[in-house]
Amino acid sequence: HETRSGALKGKIPYMAPEQVRAGATDRRTDVYAVGVVLYEMLAAKRPYVGKKKRMGEFSLMMAIVNHDVVPVDAVRLDLPPSLTKVITKALALDASERYQTAAELEQALRGEGRRLGLALEPQRLSSVMIEVLGESKRAGQIRTNAEVMQLYREVEHAKTKVDEAFDPETLDASELSVPAS
């Protein structure tokens, strides 16, 4: 199946500004999507939720393009500033200001995990980042179309299950905890 030229592809809440503008996308677009997921995990809400309980698609797209991001540390006052900095960089409006690869983001997250005393399994975090974002540490590794499509279906299925079980609007962020810095 071919995507029409100029057509948007993906779930709007996870789109990067350049993607909403139908501009060129690359690895940094995926880093942005991971930044949105990290924000949701820590704040229990999407970065663009405004005064309305739910934003329509057009309003959400405008918020993304205009970078109307509620700073994560405004929602979670207990977050260490260094972790806030990682999320903020992943969600940068300009792709050149984001982590340039999933490996860079992984390195920053692993560093924060070590600094906060969290037990992260480096191999597991690495393999998840590689699987989700399609990057390989081995130069020249190419995924077949079938492998990419299967991975895409699995990720989309997982997103659907999360969306069904996790309503960021109704979660209480105070129930979440992050070790103090």
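Which helix do Arg110 and Glu106 both lie in, and how many residues apart are they? Both belong to helix α6, 4 residues apart, or about one turn of the helix. Keep in mind for every view here that this is a predicted model.

View 1. Arg110 pairs with Glu106 in a salt bridge, with 3.5 Å between the closest N and O atoms.

View 2. The structure holds 6 salt bridges, and here are another two. Asp78 bridges to Arg76, the closest N and O atoms lying 2.8 Å apart.

View 3. Helix α5 runs over residues 81-90, and its buried residues are Leu83, Thr84, Val86, Ile87 and Ala90. They cover an arc of only 155° around the axis, so they sit on the same side of α5. Look to the other side and you'll find Pro81 and Lys85, both exposed. The buried residues of α5 pack against α2 (27-43), α4 (72-75) and α6 (102-116).

View 4. Glu112 has its place in helix α6. Its relative accessibility is 10%, below the 20% cut-off, so it counts as buried. Its side chain makes a polar contact of 2.8 Å with that of Ser82. Setting aside neighbours within four places in sequence, Glu112 is in contact with Ser82, Leu83 and Val86.

**View 5. Helix α2, mostly covered.** Of the 17 residues in α2, 12 are buried, among them Tyr32, Val36, Tyr39 and Glu40. The end C-alpha atoms are 24 Å apart, which agrees with the 24 Å that the 17 residues should span at 1.5 Å a residue. Just past the end of α2, Ala44 takes a positive phi of about 60°.

**View 6. The largest nonpolar core.** This core has 30 residues, and Tyr32, Ile64, Ile87, Tyr99 and Leu105 touch the most other members. At least two core residues come from each of α2, α3 (57-65), α5 and α6. The largest share, 9 residues, is supplied by α2.

Definitions and conventions
Residues numbered from 1 in each chain as written. Predicted model: local features only at pLDDT ≥ 70, side-chain atom pairs only at ≥ 80, totals over all residues. Heavy atoms only, no water. Buried < 20%, exposed > 50% of the residue type's maximum accessible area, 1.4 Å probe, protein only. Arc of directions from axis to C-beta. Contact = heavy atoms within 4.5 Å. Polar contact = N/O pair within 3.5 Å; in protein donor to acceptor, adjacent residues only side chain to side chain. Expected span 1.5 Å × (residues − 1). Core = buried A, V, L, I, M, F, W, Y, C linked by side-chain atoms within 4.5 Å. Salt bridge = Lys/Arg side-chain N within 4 Å of Asp/Glu carboxyl O.
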